[in-house]
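Please look over the sequence and the model shown here. A short briefing follows them.

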Amino acid sequence: MADSGAQQPGWSPRFHEDLVGLDPYDPEARAFAAHLDRMERTGPTFTVEACLDQVADFADSSSRAGGLRYWVSALIVALIVLGVIVTAWDIVTHAIAFLAG
């Protein structure tokens with residue numbers, strides 16, 4: 001099969017470095033290359049963008065999960081949202097009490 005020179009979506013240069021001998025058009029090999037890219041990602045983790053990237057990675061991995069893993073990740077998300085709501089409610093009630101008194 002002739003290579004057109006344009007890289008397809010999901011293409012990883014790992015097939016020339018780490019995954020020599022694997023078929024770059026195999027969906028499982030591409031998924032493994034993407035997994036290696038996520039695992040070896042470096043950079044600052046203390047910025048807002050990095051935190052959002054980590055949330056996006058969590059959402060992607062939880063959407064790929066099935067069964068018990070899916071429900072555990074849904075429970076974690078629900079607990080986080082509940083914590084944010086309780087914290088916001090506490091801040092609002094204290095702010096109202098402070099401004100009223």
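Predicted model: local features only at pLDDT ≥ 70, side-chain atom pairs only at ≥ 80, totals over all residues.

Residues are numbered from 1 along each chain as its sequence is written, and side-chain values use heavy atoms, with hydrogens and water left out.

**Whole chain**
- The protein chain has 4 helices and 0 strands (DSSP runs numbered from the N terminus: helices are H or I with at least four residues, strands E with at least two).
- Along the sequence, the pattern of the protein chain reads α-α-α-α.
- Of its 101 residues, 12% are buried (buried is under 20% relative accessible area, exposed over 50%, partly exposed in between, with a 1.4 Å probe and protein chains only).

**Helix 4**
- Helix 4 covers residues 68–100, which is 33 residues.
- From first C-alpha to last, helix 4 reaches 48 Å, close to the 48 Å expected at 1.5 Å a residue (the expected span is 1.5 Å times one less than the number of residues).

**Aromatic pair**
- The count is 1 aromatic pair (rings of Phe, Tyr and Trp, the last by its six-membered ring, with centres within 6.5 Å; planes under 30 degrees apart are stacked, over 60 edge-to-face, the rest tilted).
- The ring centres of Tyr-70 and Trp-71 are 5.3 Å apart and their planes stand at 80 degrees, so the pair is edge-to-face.
- Tyr-70 is partly exposed at 39% relative accessibility, and Trp-71 is exposed at 59%.
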